[in-house]
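These are my notes from one sitting with one model.

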Amino acid sequence: MNFLMALIINGPIKSFCYRRLQYLSNKFQMHVLLNEMKELAAQKKVPHRDFYNIRKVDTHIHASSCMNQKHLLRFIKRAMKKHLDEIVHVEKGKEQTLKEVFETMNLTAYDLSVDTLDVHADRNTFHRFDKFNAKYNPIGESILREIFIKTDNRVSGKYFAHIIKEVMADLEESKYQNAELRLSIYGRSRDEWDKLARWAVSHRVHSNNVRWLVQVPRLFDIYRTKKQLANFQEMLENIFLPLYEATIHPAQHPELHLFLEHVDGFDSVDDESKPEHHIFNLDSPLPGNWVEEDNPPYSYYLYYMYANMTVLNHLRRKRGFHTFVLRPHCGEAGPIHHLVSGFMVSENISHGLLLRKVSGEGGAWVGWGCGGTLPSPCCAPQAPVLQYLYYLAQIGIAMSPLSNNSLFLSYHRNPLPEYLSRGLMVSLSTDDPLQFHFTKEPLMEEYSIATQVWKLSSCDMCELARNSVLMSGFSHKVRPLPSFP
């Protein structure tokens, strides 16, 4: 990391990489001028295939918000009519039925509307990740989030499983759309994996159009403050020890073993713009000694997830099981060194917006945090080196322009068309359809808006779709490459 941080501020390397990126952009523009009509003609000659019936994968989407707001509203109304007397919650030792829960809110099925639900991101969520997280609570009530979009609750995640299966049915009906849904493992207790696997297996939450990624929220500081964890090592053991046990003794953990067959990898999630009070370096305490209530830095999380995954993958490979990859949220906000960490340990990343800040020829300044021992000034000048490294390594970047537009970056400033023209491995994804999309096919909505705003050709759209297939964890039997001239 020291080497890379020094590299990205090296003057001659910055100049070289800047010129190479400019060359790639201009070369693409020249290619479009010379060959656009030829490409369109070649595409028309491909039998049967067009943009609508080539395979597309939503490479970044969270399971708890994979439905749109109208879908969730209809589902809640249906549950209120059919399961009013079902016990769904325990409040201070007292069991509550669905009817009693809504009576405490003074609501009926008739009263509910999309506006009442209030789950859609609006102008008030811009640069307010806390308000965005609150949007996960239908009607602003965390109890409804627990009942309808959690896997571990009084009804054993039954409602959440049903709505996920409806989303899966929609994907199967569209035939050529796939998704990699993210489910959470928090690391608070050792039995989280078994509970999640039991939910998936018992409710038969499975589709050939869906694979799973497991996201680990970076919330150690909250768990430590509540005395739920003694140190960071305990969190790591809660996340990874059950996986070692299921790999060594699959017969003792049949549900978890079966569930892991459909898991592609791991994601690291949280608000990257939170200030970090520590820089990961040789003096950083080991996980067993991290007992303070401050959250470990982003790089610390990524390194120890990667280190544990590497050993786990060696073990799984020896036993003939498939392995996992690390595909974290990275570069949505926060300091540049997140992207450096992602470059070193990730297969793909989600967002990658900050790579645009390191593509200019200098002049502006970006801080990566104070108090560290890295061989560079506290606020490193912008450099194009990191973007060029991502291009050379072809590290996948799942971008979600509509999500970014509501949270961190206006749509017209999104760097996706620039990344695409330079040859970076970018794909379009939805992130959270519940908060950002209106239609039954959120991925097609994402493609549609991008095409209109940036005037993408059908060839550009097919390239984005092709990238999404290559970046995904679907097997080669499931993911035939789209016909692409």
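Entry 1, charged pairs. Which side chains meet in a salt bridge at 2.8 Å, N to O? I found Asp 270 and Lys 274 there. The model is a predicted one, and I read each distance with that in mind. I then looked up the exposure of the two partners. Asp 270 is buried, with a relative accessibility of 14%, whereas Lys 274, at 34%, is partly exposed. The cut-off for buried is under 20%, so Asp 270 at 14% falls within it.

I took the total next. The count of salt bridges comes to 14.

Glu 237 and Arg 190 form one of them, and their closest N and O atoms are 3.7 Å apart. I checked where the partners sit. Glu 237 belongs to helix H11, residues 232–248. Arg 190 is in the loop that runs between strand E4 (177–184) and helix H9 (192–202). The pair therefore ties together parts that are 47 residues apart in sequence. Both ends are partly exposed: Glu 237 has a relative accessible area of 28%, and Arg 190 has 37%.

I also looked up Lys 195. Its salt bridge with Asp 191 has closest N and O atoms 3.6 Å apart. Lys 195 is partly exposed at 35% relative accessibility, and Asp 191 is partly exposed with a relative accessible area of 35%. I followed the links from this pair and found a network of salt bridges that joins Asp 152, Asp 191 and Lys 195.

I noted the division of the chain into domain 1 (1–64 + 178–357 + 382–471) and domain 2 (69–149). Their contact takes 18 residues from domain 1 and 14 residues from domain 2. The C-alpha centres of domain 1 and domain 2 are 29 Å apart.

How much area do domain 1 and domain 2 bury between them? I read about 1,500 Å², with 61% of it on carbon and sulfur atoms. On the domain 1 side, Leu 407, Leu 434 and Gln 435 lose the most area to domain 2, together 45% of what that side buries.

Between domain 1 and domain 2 I counted zero salt bridges.

I then listed the elements on the domain 1 side. Helix H16 (401–407) and helix H18 (433–436) are those that give two or more residues to the side touching domain 2. H16 has the largest share, four residues. By class, I noted six nonpolar, eight polar and four charged residues on that side of domain 1.

I picked Ser 403, which is in helix H16. Ser 403 counts as buried because its relative accessibility is 0%. Beyond its neighbours within four places in sequence, Ser 403 is in contact with His 351, Asp 431 and Phe 436.

The other was Leu 117, in helix H5 (residues 114–117). Is Leu 117 buried or exposed? I found it buried, with a relative accessible area of 0%. Not counting residues up to four places away in sequence, Leu 117 touches Gln 69, Leu 72, Leu 73, Ile 76, Asn 137, Pro 138 and Ile 139.

Technical notes. Residues numbered from 1 in each chain as written. Predicted model: local features only at pLDDT ≥ 70, side-chain atom pairs only at ≥ 80, totals over all residues. Heavy atoms only, no water. Buried < 20%, exposed > 50% of the residue type's maximum accessible area, 1.4 Å probe, protein only. Contact = heavy atoms within 4.5 Å. Domains from an automatic or database assignment. Buried area = accessible area lost by both parts, 1.4 Å probe. Salt bridge = Lys/Arg side-chain N within 4 Å of Asp/Glu carboxyl O. Nonpolar A, V, L, I, M, F, W, Y, C, P; charged D, E, K, R; others polar.
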